[in-house]
Amino acid sequence: MSTTWILFFYWMYSAAAVVLLVVADPLSNPTTTSTHSVQQQQQQHKNSRTEKLDELLAEIGDVTAGNLGSLCISQQFRSVPVTVRVDGFEPARQKADMLARLLQDLGQLDNQELLKLLIRSAVRSERTIEASRIVTFTKPAITSPTGTSSVATSVNNNNNVVNLLFMAHAARPASPYADPSLKVDYVQQPAVSDTAASGVNASIQQSTTLPKATGSIMNPSGVASLGNTALNDLPWFDDPFRSSSSLSSSGSSGNSNNNWNKFMINSSNVTFLGWWTFPYYQCSSRRWLLTYSIPVTSVSSSSSTSSSSSTAADRLDGLLTVDVSVSSMDINQCDESASTSSADLSTDHQQIVAHFSGTHKCHETSTCRFERGYGWIRGGYTCTCLPGYYSPYLKNATFNGSHVELAYRNKLSFNSQVYDQLYRCLPCSAGCDLCVDDSPCLAPYDWPFRIVLLAISMSWVMVSIALMGAVYKYRRLKVFKVASPTFLCVTLLGCAIMYAEMAAIFPELNTPACVATKWTRHMGFCITFSSLLMKTWRVSLTYRVKSAHKLKLTDQQLLQWMVPIMLVATVYLGAWTASDPPTGEYILTGPTMKFTQCTYNWWDHSLAIGEVFFLMWGIHVCYSVRRAETYFNETKHISWAVYNIAVSNIIFASFHLLLLPNVGPDMKYLLGFIRTQMSTTVTIALVFGPKFYLVAVGRGDEHDARTKARGVTASFSLNGLSLASGMGGSCSGEGAGGVLVGGGIRKT
């Protein structure tokens, strides 16, 4: 029975493990799969859009460059579905809207002289209008099977049939002082006999806009034409009076609904009376134009006088248009985020075609910069290497966009490698913000030299630890007992921490290394200097006592006074690390060479000022006890060590900040090593050298001869330890303390 239960639990455990693995598997996560699928779809959509825009750009570039092929033979216009800004043509639109309202109110569409006057005044009064035209037409009525008449727009496949009556245009002359030229493109003549047909041609004017025609010609598709140019082929013509039902019924079978693709419907405002066309190329003028078309309507005077109600056949429809040139616009292929340049922020920012943004061919190692003056062709930009990249072929690291476009097309067509080799920027060497070649920017590190210095420093760390063990071992000898073994161990601990700074500044400096540098340098200094100063301060207090009263200054009391100093330093360094940790910054060591150094700011300056005041107080205390007599002259040795620390730090701070601020990294490391040895190693030699020398010669447990000769008649201190007590201290703080004052030793 027990075996069955064991197998059951084993099977349950295995099943649970499999379930957890499946759930934890990122490949089986449906959310991850869905997100990946959406990203793929977005990328495919972006690639498809870019391909379509590239094809359209190629077509526009060929037309602009004159590679027309059969364009100007088979048709006179080429419209492109490109949205452009029309803000700069607002005066022309307002002028056209005003004239359209005037015609609508007057109802004089059949007054041809008035129409000529209006279109000429439009060109004359607004400098941005290159040409203006007026077209009038009617819808021919047909008879339905029920016997009622209806307009042709209700007939399938014939909703574009119009009866053209009048068409004229006014164009701006080449001279700014001449009046606009006026030409009548078409005038419908009254019905005449066939024998008089030859007289009709005499009243038809030749026009560059439309070929010569003799009347409203119905081509095989049922569209009213002038010569070989159909009205619906004109980029600005459309019957704007079709009902929405006719639009929907003809959308699938007829071509009328496609006419609405001539206009930038989305760019029109609800307050506009008309619509702006998409840009189109006009073969006769060889320019890119925009046309603003406005529908107008009225009732013919003959029908209005004969009856109060008029039919659709009696209604006169008109189309007022104004042409503006957009040939001066420039195509911007750069990304929208990168297109905010000085050109875009100027007053003529409306002259930029942003429809093709993001279609540039700059590599990912370069940035696209839009350039003015290229017009309606691709390549109107430059590719400039990003900061940290360079071109091995061009010193200015800037490529012409036209050349980049050509190289990209050759890559697609002929698998050419020029695009990837010539127009790709290469990364600079490590540490270079800007470069023109692959020359190094970081100063070299002499690692063998640095390793030797680091090994010496780490050896002194081991020496400091070994000395702590020796102090503990000989703690009961008088030479260590009177010097307070506890503070001797604290001093050696601070020295070991200061030696560790050489390990912190050994590698290339970054934020963790700089934080470790600040902590080891300042905390090691604070521990070492405070422990030495506490011992000297106790001597100073004892030396100044003139009465024979008992003064109790034990090691424990001194440690309690030392704790606030350590606490202030710890809080300051902790706040510095938490709020604004030091980091590595580059400094120049030559014209182009640089290396990293820890930042110096007001945190460093404030701490340096505090340490200067601390040193000044220590020097003052040492100077005040210069004549005090102590066993083994320890106070004098400590004073020399304090003076040495102050002088060494001042000298090397001057070297670091004033005399040699930009020397190389190895010289900086050498200066740091010398400063550490001068301040720390000399301190160990001055404080601990005489003691271990006496131990080595066997005199560590004897008083020095000078103290014996004086018979302790002078005021002096044994740093709080009474020899008569027979008890010593240790690195763990053991032992009682006492003070020698007046003329003898008092037990405390």
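How far apart do the end C-alpha atoms of residues 637-658 lie? In this predicted model, in which local features need pLDDT of at least 70, side-chain atom pairs count only at pLDDT 80 or more, and totals for chains, interfaces and linings use all residues, the separation is 31 Å, and the span is 100% helix and 0% strand. Residues are numbered from 1 along each chain as its sequence is written, and side-chain values use heavy atoms, with hydrogens and water left out.

Residues 637-658 are among the spans annotated "transmembrane region" in an unreviewed UniProt entry, an annotation that may be inferred rather than shown by experiment. The same annotation covers residues 447-472, where the chain is likewise 100% helix and 0% strand, with end C-alpha atoms 38 Å apart. Helices are DSSP runs of H or I of at least four residues, and strands are runs of E of at least two, numbered from the N terminus.

The largest pocket holds about 1,000 Å³ of space. Of its 41 lining residues, Arg521, Tyr600, Ala653, His656 and Arg675 are the closest to the centre. A pocket is here an open set of points on a 1 Å grid where a 1.4 Å probe fits, with protein on both sides within 12 Å along at least five of seven lines, and lining residues have an atom within 4 Å of a point. At least two lining residues come from each of α16 (511-543), β22 (594-598), α18, α19 (634-659) and α20 (665-696), and α20 supplies the largest share, nine residues.

Terms used:
Points joined across faces, edges and corners; volume = space filled by probe spheres on them.
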